[in-house]
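Subject: Structure for your review

Dear colleague,

Please find below the structure that I am handing over to you. My findings follow directly after it.

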Amino acid sequence: MKFTVSRDALLKPLQVVSGAVERRHTIPILSNALIQVSGDEIRLTGTDLEVELVARCAVDKAVDGQVTVPAKKFLDIIRSLPDGATVEFSAAEDKALVRSGRSKFSLATLPAEDFPNIDDWDSDIQLVTSQTILKGLIEATHFSMANQDVRYYLNGMLFETDANVLRTVATDGHRLAMSSCAIGQPNLTGRQVIVPRKGVMELMRLLDSPDSEIKIAIGTNHVRVETNGISFTSKLVDGRFPDYRRVLPQGGDKVVIADRELLKHACSRAAILSNEKYRGVRVSLSSGEMCLTANNPEQETAEEIIEVDYQGDSLEIGFNVSYLIDVLNTVQGSKVKLTLSGPDASGLIEDSEDDSSLYVVMPMRL
Amino acid sequence: MSFTTRKIALLDLDAFFASAEVLRDPSLQHRPFAVGGGGERGVVATANYLARQFGVRSAMSGAYARRLCPDLHFVAPDHGYYRQLSRQVLAILQEFTDQVEPASIDEFYLDLTANSAFQGSASRTLEAIRERLRAIGLSASAGISCQKMVAKIASEERKPDGQYVVPPDQVVDYIAQLTLKRIPGVGPKSLERLNLLGFYHGRDVQQAEVTQLQQILGDKAGWLLHQRCLGNDPRAVVTERVRKSVGVEETLRHDLFQLRGVEQFLDETLLPQLLKRLGCQRWQETAIKSQTVKLKFTDFQQTTVSRTGSKASPSLFYQLLREAWERREQRGVRLIGLSVMLPDPDDYLQLELALE
């Protein structure tokens, strides 16, 4: 097999598929990328058995065949060649040869036949939307996913179809983020699937051209997203996501409207002197005013007072300031609405003008 | 800071109690001896390397050890002296770095990430530390890696008086070839279950789905084993330790065959001892996570019964005792232990969403 391609055309698809490749391999071939030449096109595949990424690229002087090469090394070589360089690739026996100008690299290969395939599967839900919408839904919630939690079904993002709405939900048990968007496809079957954390992160990387169309297919154990000639497939987490509706707070009677930037900067400054590990800040609320205080084991203290729109009883409540900052960084509008009820009850944060995304944060005892 | 750029070492003092005794009485050096009780009810705490050649091992009954090695000499343990010596070792380690965590009386974790001595070489630092310890008459072995578990396992590779490095990029391969018995936390019961399902080496776990391991070992243990085998051990070296559990246990002077006698021992000896160790006046004011009763029977088999709860309760100990007693099958009881797990003081800070 062989082909010739410009360095610039190969770089992007190669970067995409390398995203799925684990640096730390328990099965050697998983650190390789599969290269398949057929006609005047190559198909590149990277996988960690959980996530599979496939990208295509047009090539010249092609001779059909297939081989696997170490993905990171191949990527590093292509990346470090000069812009506009031409790359000649050929493979024979157990070596692949990469030539460009006066540079020559010989890479160890493993047989393409040994490269693992994700089993065939059928999708029972298909939908079409734009990258903007999917990216918006993921970016609005991804920071609340658990990481390496024993409750493995929290180490990912819930995607829910419901009437003509697509919704994402993520929670680590301390906070929860939820975002919904109408996608104009009536009669969608209602389904809940959990995409593993790594899949979510890879998917987010792919969504870099907002106007492009995107196709989503959901099966029993897999989800596939196709856009711009790239195909992303992820296994789904086999588990039941908790019923998020049960933890959405009801009947909070203390409603605060605050300037988002003002509150965010106050939080960031107070955070500097909060306990590095627990990141607690005390929020003291009184009519028209919110006071944030933080202190650390060295007995250093921070105090921030901001004006807010609030009329009601005073309240003291503690929060992990990182959770507040995450939300304030994600919400887009200029004003945020906080709905609270008591020092032991969860708080609800949302854009004061837009209720498509909701954030629930449990307090800390201080 | 990325976890793979850390430099973590475990230093293990070789046959510590035995070396400590040789320091006090050099004549012991050339004869097989064990620290522990040599009497009818004694147990070997440590044996020197000469005795180990006869098969004498820690936790073996004194009588059995004597059968393996008839010339075995017994030295009564002196824990006060060992603790004082261990503190001396800690002080030496702290001359090299303040990031030292005493993991037990004879094991110390060191975080050498920020260490700049010896051009930042962890291996050469450990060589120097071991040289210093040798000068006071103690030999030690060390394992060096980027995380605690691998450092600990690696410390066994060149024992006694040696050290072994597992570089970050070889951690996964190193774990792959380990038998699961060597992974901390895999006890005989878990090992049996894992072997039965075809898991023998680290690589078998590396290639398995976490859900399968959770089915075999339970949610927490299965997840933890999977993480550890994949090379994920983010545990930091903790220089100030909070007590995690408090326990008391005693070997009885005579085996007991009546529940009444065991209950009496609990009432008169162990409960007052435990209360004293907890450092409080009344049981009700002690916040805990769980309580455990342990019984060791005349055939050296032991059993434990635990229950989670938020306040310590002496009556629960009696209930747990009766449940453990049910398992005795005609055997007598030779040892009774009581313990409570203490809550992590920080557990209470962040409240949880009611997800389930």
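K235(A) and E209(B) form a salt bridge, in which the closest N and O atoms lie 3.8 Å apart. Please note that the model is a predicted one. The rule finds 1 salt bridge across the interface of chain A and chain B. It also finds 6 residue pairs in polar contact across this interface, with both residues of each pair at pLDDT 80 or more. On the side of chain A that touches chain B, the residues comprise 14 nonpolar, 10 charged and 7 polar.

The size of an interface is often expressed as the accessible area that is lost when the parts come together. Here, chain A and chain B bury about 2500 Å² between them, and carbon and sulfur atoms account for 56% of that area. Chain A contributes 31 residues to the contact, while chain B contributes 23 residues.

Turning to chain A as a whole, its secondary structure consists of 6 helices and 25 strands. Chain A has 366 residues, of which 53% are buried. Among the contacts in chain A with a separation of 6 or more, 68% are between residues 24 or more positions apart.

Strand β23 covers residues 335-340 and pairs with β24(A) in the antiparallel sense, over 4 bridges. A hairpin of 6 residues connects β23(A) to β24(A). Within this pairing, T339(A) has L348(A) in β24(A) as its bridge partner. On its other pairing, β24(A) is joined with strand β25 (residues 354-361), again in the antiparallel sense and over 4 bridges. The hairpin from β24(A) to β25(A) runs through 2 residues, and D351(A) stands opposite D354(A) of β25(A). As for burial, β24(A), which spans residues 347-351, is mostly covered, with 5 of its 5 residues buried.

Helix α6 of chain A (residues 321-330) is likewise described as mostly covered, since 7 of its 10 residues are buried. The buried residues of α6(A) are V321(A), Y323(A), L324(A), I325(A), V327(A), L328(A) and T330(A). At the start of α6(A), a side-chain oxygen of N320(A) comes to within 2.8 Å of the backbone nitrogen of S322(A).

Two individual positions may also be of interest to you. Is S144(A) buried or exposed? S144(A) counts as buried because its relative accessible area is 1%, and buried means under 20%. Leaving aside residues up to four places away in sequence, S144(A) touches A170(A), T171(A), D172(A), R175(A), L176(A) and A177(A).

V172(B) lies 30 residues from G202(B) in sequence, and the C-alpha atoms of V172(B) and G202(B) are 8.8 Å apart in space.

With kind regards

Conventions
Residues numbered from 1 in each chain as written. Chains lettered and ligands numbered in written order. Predicted model: local features only at pLDDT ≥ 70, side-chain atom pairs only at ≥ 80, totals over all residues. Heavy atoms only, no water. Contact = heavy atoms within 4.5 Å. Buried area = accessible area lost by both parts, 1.4 Å probe. Salt bridge = Lys/Arg side-chain N within 4 Å of Asp/Glu carboxyl O. Polar contact = N/O pair within 3.5 Å; in protein donor to acceptor, adjacent residues only side chain to side chain. Nonpolar A, V, L, I, M, F, W, Y, C, P; charged D, E, K, R; others polar. Buried < 20%, exposed > 50% of the residue type's maximum accessible area, 1.4 Å probe, protein only. Pairing = 2+ DSSP bridges.
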